[in-house]
Structures are given as C-alpha cells and as structure tokens.
Amino acid sequence: MKSPILLLFLLTLTAFAQDPPTVSTVFPKKATQTFKYEVPGRTEPLESATIYTRATGIISERKFDIGAAVKSGDVLAIVSAPEIDRGVEAAIANVEQARARASNALSLSERSSQLRKSNVVSEEETEQRRTAAMEAAAGVRVAEAELARLKEQQQFATVVAPFDGVISARNFDRGDLARGDAASADGWLYHLDRLDILRFVINATPDLALRLPQESDIVVRFGEFPGQTFPARVAHASRVFNSTSGTMRIELLLENKALLLPAGLTGSASFELLPQPDTYVVPTNALVSRNGKSMVASVHDGKVRFLEVTPGKNTGAELEITSSQLSGETPVIINPNAMLREDETVSQSPRTAAK
C-alpha cells in the first residue's frame, strides 16, 4: 500500500504532465521610429599622390614648399640633367643623318629603276638598291623613335603637379641628387593631396551599413569647431564587412573649398534613418539563439514554432527584427524557457503589443 505522501507526489506529477506550460506572448509592432546614429570617423584627402621624377640629375629649382596650394600643371621642381640634354642633341643629329642616307638611297633606287628599263643596270642591282632604300627609311624611323624617347625623358626633368592640391610633404632640397632611373621607395620628392573635397571615412556596423542609402545627406561635426556642422553625403561603400571588426568602410564626401578642414581630423557623422520595410519591434528578451542562429519563439495553433530572424537596432528594451515569416499577427513568446521545443504544446497568456 502506497503512502499518502507518495500518492500526492504522483498526482502532482500527473497534473503537471497533463497541463501544458503557459507562455506569455506579445504581438510585434511595426517599426516606425527614426533611429539616430553618431559614428566616429576621420577626414582623408579626395586624391593623394607621391611624386617622383624619372630624370636623373641634380635638383636645380624647388618651386613650392609644404602647405603651398598648387594648380594642375604647375611646375614643382626642375632637375638639371645635362646628360639627357646632350643625348637629345645627339639624337637630333642622328635623325638628320638617317634622313640624308634615306634620301640618297631612295634617289639611287629610283635611278636604277629608270635605267633598268634600258637594260643599263641589272635586275639584281636594281633590287639591291630598292632594299637599301627600304633599310634607310627604317633607319629614319628608329632614329626618330630614339629622339622621341629622349625628349620624353627630358620633359621628366620638369616636375609638374598632376592635379590641384596642397603640398603636404617634401623630401628634397636644391642640390640633391634625384635618381629617376631607379627611384627607391624613399626617393620621392613631394606628397600632394587634394583637399577641396575631403573623404570622411567611417566604419559602419551592419545595422547601419545595410540601410544607409547612397547619396543620403549627413551632418558631420568636429570637436575643434564647436557649434559648426558640415554637410556631407554618402559616396562609396566597400560592400564587404571586415572579418576582424565586423564593420564596413563607408566614405562620405565633404566640401572643403575654403580649405578650412585638414586631412586626418577626427569627428563624428550623424545619421537619422527610418527602419527598413517589413521590420518589426519585439521585446529584447524575446530573442533566443538556437544552433548559432538568431530566432524568436512563436505560437501557431497552440504549438511552439521557432522563426529565424535578423536582429537590427537594439534600444535596450526593444529590438528591431526582420523575418519573412513574421507579421504583426504572429504571437511571439516573451523570455522563452530554454526547455521549450519545436511543436511543443503550450498555453498562451497574451499581453498587449510590444512596447
């Protein structure tokens, strides 16, 4: 005979086995809140070039120093390369010689062709002179090509700016030897940066990067300019998330015609973004992780269903989520028990919509 205590225990177990667990549910609400982001970033030049010379010689003139604003085509420095100048002179003489030989060979070839009609010269001699004329013409082209090469090399002795910008660094003085024939990494002359338009580079987290539209207007602020705001717009996105930081490189363009802002200045960009379509808000404690996936537990026909979702902006109490299986009529379980299983029968205790 079983004791009363044991019977009571068995009855209690039976009651628990028969009664399904009760869960609190809430209906997701449509996300309508505009979220504000404040993202740190840094200014960079729109264009930046390290300027070398391909002419080897002594630097005779330095036209600009650091901080100077230059225009495209401005002469920055001049390299004195007398060897190249003498080479050009010799190449000009070679071209003149080659042209004279070609003219003489062509004249002989034409005369032989006329004399061949009278059988004064042989066919073999006529062909030899015709070949000599062709070789002389080819010699002219070779001499002209060498002259063109040396003239281009001579032009490299004049170092010009490739675009409008500001000299941010220089690496030489007058009298220094420039080795243009085999310039090493440290043999540069100038660093030139374009600053009239700046890049403002940020590293955006997925919730910002994936909803940030191209050409959207942004406000940038700098602590060094209190009370001032600088309008910017989204220009480029790398479209790749860094595997280490989990962020994407986003570049904004910032007008800087007065050159007020330097490159390398740290600031922050302010974004105000509407939620994406089909985005809902649920309590933060509705999100669970199963098998490495973000999910919410819902109730369908009295049974538990786990729906995979993509989490978005987290405000603390609420969480944005998106899922093709979720709607405003899907009851979502709040703080689901870790023991809940797919298709388990449950009893709902509905609450109001997510707050």
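**View 1. R170 and D65 form a salt bridge at 2.6 Å, N to O.** A salt bridge here is a side-chain nitrogen of Lys or Arg within 4 Å of a carboxyl oxygen of Asp or Glu. Strands (E, at least two residues) and helices (H or I, at least four) are DSSP runs, numbered from the N terminus. R170 is partly exposed, at 30% relative accessible area. Partly exposed lies between buried (under 20% relative accessible area) and exposed (over 50%), with a 1.4 Å probe and protein chains only.

The model is predicted: local features need pLDDT of at least 70, side-chain atom pairs count only at pLDDT 80 or more, and totals for chains, interfaces and linings use all residues. Residues are numbered from 1 along each chain as its sequence is written, and side-chain values use heavy atoms, with hydrogens and water left out.

**View 2. D65 also meets R62 in a salt bridge.** The N to O distance is 3.3 Å. R62 is partly exposed, with 26% relative accessibility. D65 falls in the partly exposed class too, at 28%.

**View 3. R86 and E89 pair within helix 2.** Their side chains meet in a salt bridge at 3.1 Å, N to O. Helix 2 spans residues 82–117. R86 has 46% relative accessibility and counts as partly exposed. E89 is partly exposed as well, at 47%.

**View 4. E44, R199, R249 and E251 belong to one salt-bridge network.** Shared partners join these four residues. The count of salt bridges comes to 16.

**View 5. Four strands make an open sheet in the order 7-6-4-9.** Pairing in the sheet is antiparallel. Two strands pair if DSSP finds at least two bridges between them. Strand 7 (158–160) and strand 9 (177–178) are the edges. Each edge strand pairs on one side only.

**View 6. Strand 6 runs antiparallel to strand 7.** Strand 6 covers residues 75–80. Three bridges join the two strands. I78 stands opposite T158, a residue of strand 7.
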